[in-house]
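Subject: Structure for you to look at

Hello,

Here is the structure I said I would pass on. Please open it first and then read the notes below it.

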Protein chains: 2
Amino acid sequence: MPDAPSRPALDAARAQAWRRLMFAVQGLDEVLERQVQRDGGMPHAYYKVLVVLDAAPDGELRMSEVCGRLHFSPSRLSHAVRRMEDDGWVSRRSDPDDGRAFLLRLTDEGRALVERISPRQVAEIRMPVMGALDDAQVEQLDAIAATILDAIDGLAADDC
Amino acid sequence: MPDAPSRPALDAARAQAWRRLMFAVQGLDEVLERQVQRDGGMPHAYYKVLVVLDAAPDGELRMSEVCGRLHFSPSRLSHAVRRMEDDGWVSRRSDPDDGRAFLLRLTDEGRALVERISPRQVAEIRMPVMGALDDAQVEQLDAIAATILDAIDGLAADDC
DNA sequence: CGCCTATACTTGAATGCTCAAGCACCCGAA
DNA sequence: TTCGGGTGCTTGAGCATTCAAGTATAGGCG
């Protein structure tokens with residue numbers, strides 16, 4: 001090995017791309033947060049819960065299942081569900097097969113809310129953003145994001 | 001049936017890439033948050049303030065300047081600075097040229113903290129992530145992120 | 001059966017962020 | 001010069017998230 005730098009460094013191209021990626025990440029977060037707050041009066045994180053419920057085949061999911069899909073802590077979801085139940089977007093019943101678990105389901109109002117927010121999100125954010133990329137870039141992005149995801153959960157494994 | 005959908009939709013490739021991008025974004029956030037919390041005992045957002053101060057040529061920046069660079073609200077920064085001043089990472093003096101403004105500066109401890117956190121972030125996150133991409137992908141990512149950023153602040157302009 | 005650990009979720013306190021007000025200062029125009 | 005609007009920052013209240021406990025059920029193993 002030629003030399004072992006005491007601190008590993010990124011080459012210029014990678015440093016540059018990382019910086020831009022960070023900006024893009026922050027920008028996307030901001031814009032999504034704002035849209036959901038404006039159209040739904042709730043944080044983006046809450047909307048994600050509604051979306052996974054909407055996508056569930058039986059229309060019902062265990063809380064722990066939702067936690068897993070969204071990388072939420074049980075506590076976070078618990079607080080969120082209390083709020084969303086109060087607001088009437090979600091209902092909760094205890095799982096007949098497991099006394100510890102609860103099943104979440106969208107109320108009719110909840111489903112209506114998703115159907116109000118979702119198309120706007122597509123029209124105002126996803127379309128403009130993804131539409132700005134050409135077909136080749138879309139493929140590239142897909143591959144890059146997949147690679148990043150692999151690298152990341154490699155990291156998560158290292159922590160333990 | 002080839003009808004004109006009343007709601008604009010994304011083609012499958014773009015929908016797929018968007019989904020993966022969202023996952024990657026969330027994953028990156030989580031991993032950065034965890035690292036800074038672990039190594040610095042503070043939220044990643046606070047660390048960003050330290051970083052921009054560290055990078056400032058004179059070692060000093062106006063709060064409004066920091067707000068601008070990080071897209072922070074004045075309120076958010078104000079709360080953050082109070083905490084970081086209490087913790088001894090940052091000092092604040094009023095701008096001699098403008099009685100309304102304050103100048104922020106890293107304390108020696110603050111600088112030391114950045115120098116403790118930063119190389120770990122490179123070693124544990126940026127290197128593994130960016131290193132997983134080949135040179136072509138790095139260029140592609142840079143271009144894609146730039147395009148996304150353009151699309152996003154096109155959106156911000158629309159809002160007003 | 002009776003324990004023992006693991007799993008599913010809840011709760012309350014502490015922290016960070018947002019939002020709406022408010023204060024202090026700058027600056028241009030009358 | 002003083003008035004008025006704009007800028008820079010602070011404050012306090014309310015919401016979201018985290019963290020550390022705590023409760024309750026499930027499921028295995030003696």
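Chain A has an open sheet of three strands in the order β1-β3-β2, with antiparallel pairing. Two strands are said to pair if DSSP finds at least two bridges between them. The edge strands are β1 (60-62) and β2 (90-94) of chain A, each of which pairs on one side only. From one strand to the next, the twist averages 30°.

The model is predicted, so local features need pLDDT of at least 70 and side-chain atom pairs count only at pLDDT 80 or more, while totals for chains, interfaces and linings use all residues. Residues are numbered from 1 along each chain as its sequence is written, and chains are lettered from A and ligands numbered from 1 in the order in which they are written.

How are the strands joined? Ser94(A) has Phe102(A) as its bridge partner in β3(A). On the other pairing, three bridges link β1(A) and β3(A), also in the antiparallel sense. Leu104(A) of β3(A) is the bridge partner of Leu61(A), and Leu104(A) is likewise the bridge partner of Arg92(A).

Two helices go with the sheet. Helix α3 (residues 63-70) of chain A lies across β1 and β3 of chain A and runs at about 85° to β1(A). Angles run from 0 to 180 degrees between N-to-C directions, and axes are lines fitted to C-alpha atoms, for helices over the stretch in contact. Helix α2 (residues 44-55) of chain A packs on the sheet and touches β1 and β3 of chain A, its direction making about 90° with that of β3(A).

Next, the two chains. How many residues of chain A are in contact with chain B? There are 49, and they meet 49 residues of chain B; contact means that the C-beta atoms, placed from the backbone, lie within 7 Å. On the chain A side, α1 (12-40), α5 (108-131) and α6 each supply at least two residues, and α6(A) gives the most, with 17 residues. That side divides into 32 nonpolar, eight polar and nine charged residues. Nonpolar covers Ala, Val, Leu, Ile, Met, Phe, Trp, Tyr, Cys and Pro; charged covers Asp, Glu, Lys and Arg; the others, Gly among them, are polar.

A rotation of 180° with 0.0 Å of shift along its axis superposes chain A on chain B, with an RMSD of 0.0 Å. This is the relation of a two-fold axis. Val25(A) has the C-alpha nearest the axis in chain A, at 3.0 Å.

Last, the DNA. Around DNA strand D there are 24 residues, of which Ala45(A), Gly99(A), Ser64(B), Ser75(B) and Ser78(B) come nearest; a residue is near if its C-beta atom, placed from the backbone, lies within 6 Å. The elements giving two or more residues to this surface are α4 (74-86) of chain A, and α3 (63-70) and α4 (74-86) of chain B.

Regards

Note on methods. Helices (H or I, at least four residues) and strands (E, at least two) are DSSP runs, numbered from the N terminus. Copies are superposed by least squares on the C-alpha atoms of residues with pLDDT of at least 70 in both.
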